[in-house]
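Thanks, everyone. I have one structure to walk through today. Please have a look at it first.

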Amino acid sequence: MESMTSGTMAGTGSFRCQRCGYVLTLSACDMLTDCPGCGGRSFVRASLFSTARLPHGDVATPPRDADRAAWIEGVRERIEEPGEYVVYEENGEPVVVALTREWTRVGRSLAADVRFDDPTVSRRHALIVRQPDGVRVLDDRSLNGVFVNGERIEWRVLKDGDEIVVGRYRLGFLSVAAGQAGQAGDPLHLHSVG
């Protein structure tokens, strides 16, 4: 089976990370990115008909990056209002989205509330749902899947500090209590949904 590395013009099809098994589905002449699951750079063409499985011991859990954790905590300290938020980095700056509605759509579609214009993100990739008993993330029939803390999920109740991976984007989920809000100067600009 042909092996490819990230940064390679891959074309149309599905590609499986040789390190963790994450599958990227690309269209046209897209470039392979680093693996969103583990950061690996080596892929093979994936087949719908393959019966090969990765040995259990070879599946890697992506490391929790200490710098990223510190960055998330710095963002948390600058949030002024209690509530639930998702935060991600764009052009080196934090983007903080307040989860104020029952449904928040994440995807490539122009109708998405949190939009990522990237081929690794499906038009309808994920839904974040706020209900009285907690906040959940659901895979909205995406091609590349939704991961929470390195595990591919169909749906999951989110806890403060969870990392959600959508395509090649890493989002942090923050639940800021009333006593935690607005403790540091320089507040962040919040992006409203809807």
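**Helix, core and strands**

Let's start with helix H1, residues 66-78. At 1.5 Å a residue, its 13 residues should span 18 Å, and the end C-alpha atoms are 19 Å apart, so the two agree. Keep in mind that this is a predicted model.

Which residues of H1 are buried? They are Arg 68, Ile 72, Val 75 and Arg 76. Looking down the axis of H1, the buried residues fall within an arc of 105°, so they line one face of the helix. The general rule here: an α-helix has 3.6 residues a turn, so residues three or four places apart point the same way. On the other side of H1, Ala 66, Asp 67 and Ala 70 are exposed.

What do the buried residues of H1 pack against? Four strands: S5 (83-90), S6 (93-98), S14 (163-166) and S15 (169-176).

Now the largest nonpolar core. It has 21 residues, and Val 137, Ile 164 and Leu 171 touch the most other members. Elements giving two or more residues to this core include S5, S6, S14 and S15; S9, S10 (134-139) and S11 (146-148) do too.

Take Leu 171. Beyond its neighbours within four places in sequence, its contacts include Arg 68, Val 86, Tyr 88, Phe 116 and Ile 164. There is also a second, separate core of 12 residues, with Phe 15, Cys 35, Phe 43 and Val 165 among them.

Last, strand pairing. S7 (103-107) pairs with S9 (126-131) in the antiparallel sense, over 4 bridges. There, Trp 103 has Val 129 of S9 as its bridge partner. S7 also pairs with S8 (114-115), in the parallel sense, over 2 bridges. Opposite Gly 107 stands Arg 115 in S8.

Definitions and conventions. Residues are numbered from 1 along each chain as its sequence is written. This is a predicted model: local features need pLDDT of at least 70, side-chain atom pairs count only at pLDDT 80 or more; totals for chains, interfaces and linings use all residues. Side-chain values use heavy atoms; hydrogens and water are left out. Two strands pair if DSSP finds at least two bridges between them. The expected span of a helix is 1.5 Å times one less than its number of residues. Buried means under 20% relative accessible area, exposed over 50%, partly exposed in between (1.4 Å probe, protein chains only). The arc is that of the directions from the helix axis to the C-beta atoms. Contact means heavy atoms within 4.5 Å. A nonpolar core is a set of buried Ala, Val, Leu, Ile, Met, Phe, Trp, Tyr and Cys residues joined through side-chain atoms within 4.5 Å.
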